[in-house]
Amino acid sequence: MAHFRVFTFLLLLSNGLAIKLPENPNPQPLAWWQEDIIYQVYPRSLMDSDGDGVGDLKGIESKIDHFVDIGVGSVWLSPIYESPMKDFGYDISNFTNVDPIFGTMEDFTSLSNALKEKGLKLVMDFVPNHSSDLHVWFNKSIHREGKYEDFYVWRDPKGFDDQGNPILPNNWISSFGGSAWEWNEVRQQFYLHQFVAGQPDFNYENPEVLKEMLAAMKFWLDLGVDGFRLDTVPSMFEDQRFLDEPEDPNRPPESIPSDHGYWLHIYTYDLPATREALAEYRKLLDIYSLSDGRERCMMVEAYVNPLEKLFLYYGTKEKPVAHFPFNFEFIKRVTRNFNGTDIVGVIDEWFEKMPEGNTANWLVGNHDQWRIASRFTPEDVDAFNMLIMLLPGSMVTYYGEEIGMTNANISWEDTVDPAGCQAGPDRYQLFSRDPERTPMQWTGEEGTGFTTGNTTWLPINPNYRELNVQAQNETTGDSHLKVYKRISALRKTDTWRYGSLEAKAIDEGAAFGYSRIYQGKGFVYLANYVNSNTTINVGQEFEGIPAQATVYTTSVNFQPETAVGSSISTGSVTISGKHSIILEF
């Protein structure tokens, strides 16, 4: 297994930072998780096989050819476990079974085998922080049965008010708003839930919790799963003093005290013990990898600042943790009115600070974040797909980004996400994640090829008649999907695997570009992020560029009109506003 060895040189130029990484001097085959396009499937929304309006495992299996067609190498499933669906699968009542809404264990085995037949890896979401309140463990904990008595975080009330109501243990706030404490009449104590009340937090101070959760992970490893994405890992441990958390002086101006973002979560988030527990999960995966030579991967979700703290989730050579913590920097730091300087700043800081011997990773969306076309503009879709797919490192595509799906406008009446529901009708749009979770748009027919039923769990985006996979595949012109497939093919070249990187902001930040060169062959990515034209002398901006290059691909409706496959002078490449191009040589 090879890693991207990083040497970063920061050059202070008139138009900002530049990044230079050399060619890999000792090229070795990359691990699958370093090389594959990892495609995130939100199971409720990919494909419905039985007409009930909810996506399922058979539906996912029916779309494997689409994954292959666009160059995907690994499929990551958001939770499919047995669940009452208070948080749509992240509230798990049985960690070793499939929820009937998605199918059966036989359906899971069929999907797993079908993926393997096509050479695809399977990654599963894993939720280590909490279970559903309907899990048998929680019921046993309520009744103080054996080892389960302190399996969850229980606290006595501070006292009782004049009406005899129990007083909260402290001011901790749920991620979805409101108190993180819920009273249980049977046990006469509060339990902690950092998400909805139906998601009680495990007490990792009890070593039996980790043992049970490792056994659950082992269950899926024995069924052939290739890796796991671990959800919201910084929430796994709490400061045992249970002190009140302080206000965040930099909180959003619209926040109120019942909002999670109103407070600094210094006692409930990113405690050092978290990484010790995660190292045990990684150890289990490594045991499986060593036993048969098939590498298992562990990726973790951790919204942690600054990067120096996030990078602790890589672990060390002696005690590895994650193969990579997700890189949310393009989501957190690149806002709607961004430019090339913002882009190069994100890339530069990641490569500069990432501990040696590790692999970078890139993404621009997921099930909790607005889609590219809505967070920025539809014209930015190709530029961002090109950007993250061709930088050195692992990358993740959220379903639908290959066609440039947009957020749907979901009414209060149709809102189902607990983060939105808990905020109420006046504020739900600030918090709801429903708009980016709508059904995949396969065709322009009624039901968009997602379902044969009359209703869907979330409304289908009305733009499905024009914006869908079939239309983008069959058009005689260009489309986001066609561009995506060309980019994914470039990711399978030695230039991408082992090539150098030179990246910089251009034209005082209006544009951005990078070159990748290996043994004299290479490509250049150029993007104009503003609305006016820019002309770039590529050979002047980047080293090792020949006078002529071939147009490999362009963004949809690229101006000035430039034919893919045509030869172009690198001394003067004009790119109109909000467009991007890749040149090959």
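Which residues does the UniProt annotation "domain: Glycosyl hydrolase family 13 catalytic" cover? According to that record, an unreviewed entry, the annotation covers residues 40-437; UniProt positions are given in the numbering used here, feature names are shortened, and annotations may be inferred rather than shown by experiment. The structure is a predicted model, in which local features need pLDDT of at least 70 and side-chain atom pairs count only at pLDDT 80 or more, while totals for chains, interfaces and linings use all residues. Residues are numbered from 1 along each chain as its sequence is written, and side-chain values use heavy atoms, with hydrogens and water left out.

Over residues 40-437 the chain is 29% helix and 12% strand, where helices (H or I, at least four residues) and strands (E, at least two) are DSSP runs numbered from the N terminus. The end C-alpha atoms of this stretch are 12 Å apart. Eight strands form an open sheet with parallel pairing, in the order β12-β11-β10-β6-β3-β2-β14-β13; two strands are taken to pair if DSSP finds at least two bridges between them. At the edges of this sheet are β12 (324-325) and β13 (361-362), each of which pairs on one side only. Strand β13 runs parallel to β14 (residues 394-398) and is joined to β14 by two bridges, with Trp362 standing opposite Met395 in β14. Helix α5 (residues 105-117) packs on the sheet and touches β3 (72-77) and β6 (121-126), contact meaning heavy atoms within 4.5 Å. The direction of α5 makes about 140° with that of β6; axes are lines fitted to C-alpha atoms, for helices over the stretch in contact, and angles run from 0 to 180 degrees between N-to-C directions.

Another open sheet consists of seven strands with antiparallel pairing, in the order β1-β15-β16-β17-β22-β19-β20. Its edge strands are β1 (18-21) and β20 (567-569), and each pairs on one side only. Neighbouring strands of this sheet are turned by 25° against each other on average, direction ignored. Within the sheet, β15 (residues 501-506) and β16 (residues 511-518) pair in the antiparallel sense over five bridges, and Ala503 stands opposite Tyr514 in β16. Helix α11 (residues 340-353) lies across β1, β15 and β16 and runs at about 150° to β15, whereas helix α17 (residues 480-490) lies across β17 (521-528), β19 (548-554) and β22 (579-584), running at about 125° to β19.

When residues up to four places away in sequence are not counted, Thr554 touches Met386, Asp478, Val483, Thr562, Val564, Ser580 and Ile581. Thr554 and Ala527 are 27 residues apart in sequence, and their C-alpha atoms are 9.8 Å apart in space.

The structure holds 41 salt bridges, each defined as a side-chain nitrogen of Lys or Arg within 4 Å of a carboxyl oxygen of Asp or Glu. One of them is formed by the side chains of Arg497 and Glu35, at 2.5 Å from N to O. Arg497 lies in helix α18 (residues 494-498) and Glu35 in helix α1 (residues 32-35), so this pair ties together parts that are 462 residues apart in sequence. Both Arg497 and Glu35 are buried.

The side chains of Asp380 and Lys578 also meet in a salt bridge, at 3.5 Å from N to O. This pair links distant parts of the chain, 198 residues apart, with Asp380 in the loop between α12 (372-375) and α13 (381-390) and Lys578 in the loop between β21 (573-575) and β22. Asp380 counts as buried at 2% relative accessibility, and Lys578 counts as buried at 13%. Elsewhere, salt bridges that share partners join Glu308, Glu329, Lys332, Arg333, Glu349 and Lys353 into one network. In the salt bridge between Asp239 and Arg241, the closest N and O atoms are 2.9 Å apart; Asp239 counts as buried at 15% relative accessibility, whereas Arg241 counts as exposed at 54%.

A disulfide is a covalent bond between the sulfur atoms of two cysteines. A search of the whole structure finds zero disulfides, the criterion being a pair of cysteine sulfur atoms within 2.5 Å. Among the cysteines, Cys297 counts as buried at 0% relative accessibility, while Cys421 counts as partly exposed at 34%.

How values were computed
Buried < 20%, exposed > 50% of the residue type's maximum accessible area, 1.4 Å probe, protein only.
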